[in-house]
Amino acid sequence: MVPALLGSFLAMMSTGVPVAISMAGSALVYILLTGDLPPFVVVHRMISGIDSFPLLAVPFFIMAGNLMNNAGITNRIYNFALSLVGWLRGGLGHVNILGSVIFAGMSGTAIADAAGLGTIEIKAMKDHGYDMEFSVGVTAASATLGPIIPPSLPFVIYAMMANVSVGQLFLAGILPGVVLAILMMLTVAWFAHKHKWGGDIRFEWRRVSKAVIELGVVIAFPLVMWGAIKLGLAFNLALVLGFVLLFVADWRFRFDAVMPIMTPVLLIGGMTTGVFTPTEGAIAACVWALILGLVWYRTMTWRMLVKVAMDTIETTSTVMFIVAAASIFGWLLTATRVTDMVAMWTLSFTHTPWVFLLLANALMLFVGCFLEPTAAILILVPVLMPVIQQLGIDPVHFGLIMVLNLMIGLLHPPMGMVLFVLARVANLSIERTTMAILPWLVPLLLSLALITYVPQISLWLPHALGY
Amino acid sequence: MNGAAESAAPVIDESGHFHAEDAPIELSHYTIEDWISFAFFWALALTVFYQFFTRYVINDSAAWTEEIARYLLICTVFIGIAATTRRSRHIQVDFLYRLVPQRAGRVIATVVDGVRIAFFAYMSVLTWQMMGKMGNYRMTLIDLPMNAVYAVCGIGFVLAAIRSLQVMIENARRGYSVLERPEILIDETL
């Protein structure tokens with residue numbers, strides 16, 4: 001009856017039945033055919049599949065991202081990026097990448113990222129005379145940064161499926177994100193050199209140094225707090241004093257982006273020092289974004305808050321519906337020993353981790369072209385995890401490889417989903433969009449190779465911080 | 001939610017500053033299941049915030065908050081499934097429709113619409129059966145029947161079944177579904 005389970009699943013999914021229904025539906029088919037279990041088990045298993053405390057983080061991570069994604073905050077972050085790198089040759093290309101680094105993973109899905117931020121980025125670049133191909137390429141490539149640099153929804157889902165700590169995965173994402181950003185900025189520099197582009201704003205010491213100072217404040221804040229607590233200042237007192245100082249400084253010096261950039265810093269700082277759990281961290285990030293939007297900058301209206309909540313519910317429901325369905329489907333895959341068979345079959349022709357990683361990369365790139373990343377994680381992790389354990393590959397490292405692959409898959413010609421979205425946003429044909437994205441696969445695949453075969457890039461930081 | 005593309009003014013002004021603007025906010029297209037889910041969501045947000053607050057400020061987290069939060073999340077999601085069904089926003093693979101001729105695509109998409117209705121309808125029945133079997137179970141910390149949560153899930157499935165029937169009729173009327181023309185979903189996002 002195993003072929004019925006897998007066959008009906010693949011048939012449904014490839015014809016366009018929603019992924020969640022394909023999973024739960026094929027489980028129903030299997031249970032009805034075997035008659036071993038009463039069919040209502042499917043419902044029960046689905047509901048208990050999302051009845052978990054760690055999953056409470058999901059809606060609030062999504063909401064924190066949606067709260068930051070409004071013009072008031074977007075403008076601040078882009079102004080900061082413009083001050084810092086806008087004067088370089090090919091300025092807006094660099095701004096595009098830096099903007100994505102800061103916005104990284106705050107929003108729900110890469111597709112929403114490409115549509116939302118991509119629209120502004122491409123418009124700005126068009127205004128400044130960049131050709132469409134370059135604008136689309138850099139926007140597509142930088143969209144992959146989102147889920148690699150924490151906080152990120154795919155990491156939360158992977159952590160749950162692979163049973164690793166969210167904080168550790170978040171930390172592991174930082175350096176690979178930096179590697180990706182550097183390689184992409186080098187690509188921008190190469191394009192700028194080739195086409196003899198200049199900067200997009202005038203170089204002014206004042207403006208650059210202000211941006212550098214803002215960056216310094218963001219980095220110094222958690223360090224000073226940590227130091228003060230180490231020196232014996234009471235935790236709550238340090239926290240209150242620190243925030244009062246921060247708001248006074250922000251009011252006095254009119255920082256562009258210190259407060260928004262502080263969101264991920266506080267979140268990751270709090271999670272790695274164990275001050276809060278991922279769920280609490282997500283809630284804290286939402287509260288922070290609400291304070292900024294409704295009270296401090298006053299750029300958010302109540303109507304916007306309603307819209308943000310509705311968008312959050314939509315993304316949460318679509319993702320959690322698959323999580324629920326994956327819990328019955330994954331359980332059946334294990335119970336019918338499909339996962340064991342896949343592991344044995346894989347191990348029958350390779351016992352070398354690097355060969356396996358190569359094959360796994362190819363598989364995940366392929367799957368990433370068709371499937372939303374979170375859906376792909378929910379399907380692939382239960383199948384691949386036994387092999388990873390057998391081969392002694394660190395599941396945190398593998399998580400990074402997987403998420404990066406799935407992100408590249410989103411824009412990989414000929415059928416990645418971001419490719420179609422950007423073709424629509426930029427009003428380009430699929431063929432021209434494909435050609436536009438092609439050169440950007442060089443830095444992306446290069447960093448994929450680096451991150452796959454140099455595990456230290458991912459694992460050094462979490463190990464250094466004691467995970 | 002940024003509507004920069006529509007406005008003619010440059011995104012970056014002369015002094016080199018970004019001036020993107022938010023698109024106008026439209027709330028009138030939300031329907032009953034959106035608002036029910038919305039209520040559950042804010043109840044969830046307040047509960048989790050209350051837990052956060054009691055743990056950090058009062059140093060004594062209320063144990064019931066965790067349990068109620070988990071149930072509120074389930075309710076938000078299962079009612080939200082009906083809302084995402086109505087808007088055809090579920091995650092699905094539409095690649096096949098780029099390969100097959102348009103008429104074959106219409107046939108397959110209609111079958112998919114049928115599968116969706118059958119699934120949600122059958123899940124509604126199964127939820128009802130489950131509630132019959134598990135009638136006596138209580139929540140762990142709070143003295144309420146688990147069936148209260150299951151009933152909300154059941155209502156979610158019933159609503160989703162009705163909405164998927166509506167979507168099928170709508171697709172038949174206009175002659176295509178989002179599977180055949182995924183660009184209509186992208187345009188909604190922009």
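**Reading a two-chain model**

User: Is A:K307 buried or exposed?
Analyst: The general idea is a cut-off on relative accessible area: buried is under 20%, exposed is over 50%, and partly exposed lies in between (1.4 Å probe, protein chains only). A:K307 has 18% relative accessibility, so this lysine counts as buried.

User: What am I looking at?
Analyst: This is a predicted model, in which local features need pLDDT of at least 70 and side-chain atom pairs count only at pLDDT 80 or more, while totals for chains, interfaces and linings use all residues. Residues are numbered from 1 along each chain as its sequence is written, chains are lettered from A and ligands numbered from 1 in the order written, and side-chain values use heavy atoms, with hydrogens and water left out.

User: Where is A:K307, and which residues does A:K307 touch?
Analyst: Helices (H or I, at least four residues) and strands (E, at least two) are DSSP runs, numbered from the N terminus. A:K307 sits in helix α16 of chain A. Contact means heavy atoms within 4.5 Å. Leaving aside residues up to four places away in sequence, A:K307 touches B:I25, B:L27 and B:Y30.

User: How many residues of chain A and chain B are in contact?
Analyst: 84 residues of chain A contact 80 residues of chain B. Buried area is the accessible area (1.4 Å probe) that two parts lose on being put together, summed over both. Here the two chains bury about 7500 Å², and 76% of it is on carbon and sulfur atoms. On the chain A side, A:F40, A:I47 and A:M310 lose the most area, together 9% of what that side buries.

User: How do I read a helix crossing? What is the angle between α11(A) and α20(A)?
Analyst: Axes are lines fitted to C-alpha atoms, for helices over the stretch in contact, and angles run from 0 to 180 degrees between N-to-C directions. Helix α11 (residues 166-195) and helix α20 (residues 395-411) of chain A come within 10 Å and cross at roughly 50 degrees. That makes α11(A) oblique to α20(A). Angles under 35 degrees are roughly parallel, over 145 roughly antiparallel, 65 to 115 roughly perpendicular, and the rest oblique.

User: Which residues make the contact of α11(A) with α20(A)?
Analyst: From α11(A), they are A:Q168, A:L169, A:A172, A:G173, A:P176 and A:L180; from α20(A), A:V396, A:G399, A:L400 and A:L404. Seven are nonpolar, three polar and none charged. Ala, Val, Leu, Ile, Met, Phe, Trp, Tyr, Cys and Pro count as nonpolar, Asp, Glu, Lys and Arg as charged, and the others, Gly among them, as polar.

User: Is the crossing of α11(A) and α20(A) left-handed or right-handed?
Analyst: A crossing is left-handed if the near helix is turned anticlockwise from the far one by less than a right angle, and right-handed if clockwise. The crossing of α11(A) and α20(A) is right-handed. By contrast, α1(A) passes α16(A) in a left-handed crossing. In that pair, A:L5, A:L6 and A:F9 of α1(A) meet A:F329, A:L332 and A:L333 of α16(A).
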